[in-house]
Structure formats: C-alpha cells, structure tokens
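I opened my notebook beside the structure and jotted down what I looked up, one topic at a time. Here are the entries, for anyone who wants to follow along at the screen.

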Amino acid sequence: MADNGDDDNQYRIKEGDYVVLKRGEIFKAVQIQPRKKVIFEKQWIFLDNAVGQLYSTTFEILSGGNLKPHELKDSASPLDAVEAGTDNRNIVDDGKSQKLTRDDIEALKEKGLKGQDIIKKLVDNHATFGDKTEYSQVKYIKKKKKKYENTVMILKPSCRILAMMYHGREPGKICHLRYDTLAQMLTLANIHAGSKVLVFETCAGLVLGSIMERMGGYGSVIQMYPGGGPVRAGVESFGFPAHFHDTLHEFPICHVNALLAGTLDTSAKDPTAENTDEKQLNLAAEKEQNQPEAEEQGTPEEESMETNTGDDAGQDVEKTEKDKLKEAKAQVKKLRLEEKQRRLAATAALLKGRNADGLVIASRFHPCPVLLGLLKFLSPSRPFVVYSQYIEPLVECFKKLRECGGTVNLRLTDTWMRHYQVLPDRTHPLLLMSGGGGYLLSGTTVATDHSKPAGSKQAEEPAPKRQKLEDTEG
C-alpha cells in the first residue's frame, strides 16, 4: 500500500512544480507558487487550490481567480432533445436567429449560471438550430463552449506538450521546430539511457530538455553552447529532479578547436578576473588623491576642522562599508569563476576520450563548421542528426561529408505532417495546418584509415590493358 501511495504521489500536483496550463489549443508553462497571480488568456488566476490534485484535471475558474475541480454533470446534452436537419441550404445567417442579446447573457452570468447552462439557453433560443445538420450543431456547441466555459486543464510537462506550446506561441524561439520533427531527431540519434550525447542547439533548451527526458537521468549530456553561457529556459519548464542536472555538462563551442589540438588550458583565468588587481590598484590611487583634498579643506579654522573631521569620519565609514561590499562581490565572483573552470575541466576530460554515442544539432547558425568539428568526438558507428529550417545549409553539409569521408548512410529528409478530419463522407485535411517542419540530415560515423592517402586505393589498382587492334586491310 505504501508503494501505491508513492506511485500516486508522483502524479499529483505539488507546490513548486512546473506545470502547463491548457485551454483549447493554447498552452502556457508556469510554476506553482503560493498566492501568485498567473495571467492566462487575459485572465488572472491563482493555482493554490490545484496543489494535491491529479495532473490532467480540469478546473473551473471561480470569481476572484480561484480554481475548483470541474465536476462533470449528468445533465442531458443540448443535442439530446434536438432533431438535426438534412442540409443547411435554407439557413440565412442574418444575425436574427438568436433571441438572446448580450445583455441577457450577462444577466444570466450575474445570476450564477455556468457555461453548460448558458449554452443550453442559447440552443433553446436559437430559431434555426433544429434546421442545422448534426455536424453543424456539434460545431456550434463546440464554439460556444470555447467562449463561455471558464475552465483550464493542468498538465504535466513533457517534450511533446512543450514543443506544441513553443510552436504555437513563439515558433521563432525554437527555429520553427515541430514536435513530430523533434520525435524523429530523438529516434535518429538513438537517444537512450546510459549514453553520452553531444548537443548543440539554440532552441531555448527544448531539444536539450527532450534529450534529458528520454535519457531518464542516466548517462551524460554535453551541451556545446555559443556566446557567454548556455540558454536553458526550456529545460526549467520540464521540472526535472536534482539528479537529472548532475548528468548535464557544458562546454563553449569556441574552445573546441583548442581541445582538438591539445592546447586548451583549463586553468587559465577569465579576462575579467585578470583585471581585478588593476581595479584594486586604481581604487587605492583614488583614495590617496582624496586624502590631500580632505586635508586642504580642513585648514581654515579650528571649528571647521572639527566639523570636517566629523564628516571625514562618516565618509570613512561609508567607504569601508563600500569596500567590504566590493570585496564580498569580488569573492563571490572568484568562487563562480573557480566553479566554472572546474566544470570546464571536467567536461574537457569527458570529451578527450572522443567516445560520444550521439550528436544532435539544431541551431540558427550555419551547421557545417559545427558538424565537422563535433563529429571528431564521436566513436565509430554512432548516429548523428542535424536540423535546419532551410534545406540549403544541409545540402552543403551533405556535400562536405561526402568529400571528407568518415560517414555512411547519409540521408537528407523533409518532415511533413498533415492533420485530417475523419467524418462520414467528409474526410479531408484540415484547412489550417503547418506548412513545413524543417529538414533533417542524418548519418552514421565510421572509422577511417588516415595512414593512407585518399588516392592510394586507385594507385594500387593495375592499369587497364589496351586491346591490340589487328590490321584488316585488303
């Protein structure tokens, strides 16, 4: 029984958890915090009452923004007592079919009627609702539910849900990476627990978080990042446990060439740290310049000297406090730099073995130089996959890999997906859908013999013999 309770606990919402709010096709990732207002679809809500409830529970938003688990009533559906028409050819959309006005609907809301009751009133007061076809009636009710039912569903974050959220709200942040393309990337790269994976991405951490979720906290994930530091906003939305982050390592992409050449110095100081000594010397020089000025101001009279000495004492106290704050900040910065250098050395030790099990690239930068540099860290017979929103960079990578060798089974594919409406005599693709999901370049590394030149194989082959022609004159 205790085990069942523990298993049930992981499916319940807890304070501090990262969750995803869903209404219709709209998603938003938030964190459960006490008495914190959350704006979702232009509405303030509090998530305190969601704590202890199961994930995927639908909540009703009460007055004041509080949540209450939505209770499914056994009341009859608005379609139960309504007959459907054969077609809609005689229905005229003149705006006069609905007898209830906006003021009447607002009055019903003030009386305390919920979404289902308001929809029932709208159906009863609709003059041509019975003439609509069954499909049109379902479509009408679905549209009114979206408008009048004040509910929200709380979901547990996953790579599919977060990919749909980013693609629907801010596709530019994830390079227009669609969730079906992300699933293909995880499959082609053979992501599994216990593996060592290299990741280079500029998709707000979505690809990195998806790989960590697939690995389940086992193995090593090495994030190669551009710029001053890694971006992991999407990883936080997954809400991973602490031991997941122990498997995550980081390495700047600008140090890859130095690591391959063997000239990387992990004990080198940061340029900002080297200037701290100069800053301290400048501060000491400023103090020495300020002291004579204070002495000159105190010479005119004895009374002014007393007041100046009091002011100087107050200034000295302020300066000492400022110096202490600066020293504390410098100490914290020094500790951060030491921790950064320690992580850099640990990640460099992982990469020196050149025995990574997979490579995933999804970036807004040109992938060719990054791919050629990072492939050297992979073991033979290991998969790699590169995503790009456009096909031209991947075509260049394809040609370069063919010229350089060391890879087989190169495939350049276009990801394409369509949603279909499946109904009797009305099955067709949806009118609005994603036009493209980007392109994928995948392949497998192989061991190459660098001792022989590229043309040695052709040189070893015997030259073809020329056929002697007989003279057939006469």
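By a nonpolar core I mean a set of buried Ala, Val, Leu, Ile, Met, Phe, Trp, Tyr and Cys residues joined through side-chain atoms within 4.5 Å. I also kept in mind that this is a predicted model.

**Entry: the cores**

I began with the largest nonpolar core, which has 37 residues.

Leaving out residues up to four places away in sequence, I listed its contacts as Met185, Ala189, Ile191, Val197, Leu198, Val199, Phe200, Val207, Ile211 and Val385. I also came across a second, separate core, with 28 residues, and wrote down Leu260, Leu351, Phe384 and Val386 as being among them.

I turned to H7 next and found it mostly covered, with 8 of its 10 residues buried. My list of the buried ones reads Leu206, Val207, Leu208, Gly209, Ser210, Ile211, Met212 and Met215. Just after H7, I saw that Gly216 takes a positive phi of about 70°.

How many residues of helix H14 (residues 367-374) are buried? I got 6 of the 8, so H14 is largely enclosed by the rest of the structure. I noted them as Pro367, Cys368, Val370, Leu371, Gly373 and Leu374.

**Entry: a helix pair**

I moved on to helix H3 (residues 115-124) and helix H4 (residues 134-148). Their axes come within 10 Å and cross at roughly 135°. H3 and H4 are therefore oblique to each other, and I recorded their crossing as right-handed. From H3, the contact uses Gly115, Gln116, Ile118, Ile119, Leu122 and Val123, while H4 brings Tyr140, Ile141, Lys144, Lys145 and Tyr148. I sorted the residues of this contact into 7 nonpolar, 2 polar and 2 charged.

**Entry: Ser220**

Is Ser220 buried or exposed? I looked it up in strand S9 (residues 220-225) and found it buried, with a relative accessible area of 15%, because buried means under 20%. Setting aside neighbours within four places in sequence, I saw Ser220 in contact with Ser195, Lys196, Val197, Met215, Thr247 and His249.

**Entry: loop residues**

Arg35 sits in the loop between strand S2 (26-31) and strand S3 (37-39). Its phi is near 55°, a positive value in a residue other than glycine. I put Arg35 down as exposed, at 55% relative accessibility.

Where does Arg354 lie? I placed it in the loop between helix H13 (302-352) and S11. The phi of Arg354 is near 50°, positive again for a residue other than glycine. I marked Arg354 as partly exposed, with a relative accessible area of 38%.

My last stop was Tyr390, in the loop between S12 and helix H15 (392-404). I have Tyr390 as exposed, at a relative accessible area of 51%.

Note on methods
Residues are numbered from 1 along each chain as its sequence is written. This is a predicted model: local features need pLDDT of at least 70, side-chain atom pairs count only at pLDDT 80 or more; totals for chains, interfaces and linings use all residues. Side-chain values use heavy atoms; hydrogens and water are left out. Axes are lines fitted to C-alpha atoms, for helices over the stretch in contact, and angles run from 0 to 180 degrees between N-to-C directions. Helices (H or I, at least four residues) and strands (E, at least two) are DSSP runs, numbered from the N terminus. Angles under 35 degrees count as roughly parallel, over 145 as roughly antiparallel, 65 to 115 as roughly perpendicular and the rest as oblique. A crossing is left-handed if the near helix is turned anticlockwise from the far one by less than a right angle, and right-handed if clockwise. Contact means heavy atoms within 4.5 Å. Ala, Val, Leu, Ile, Met, Phe, Trp, Tyr, Cys and Pro count as nonpolar, Asp, Glu, Lys and Arg as charged, and the others, Gly among them, as polar. Buried means under 20% relative accessible area, exposed over 50%, partly exposed in between (1.4 Å probe, protein chains only).
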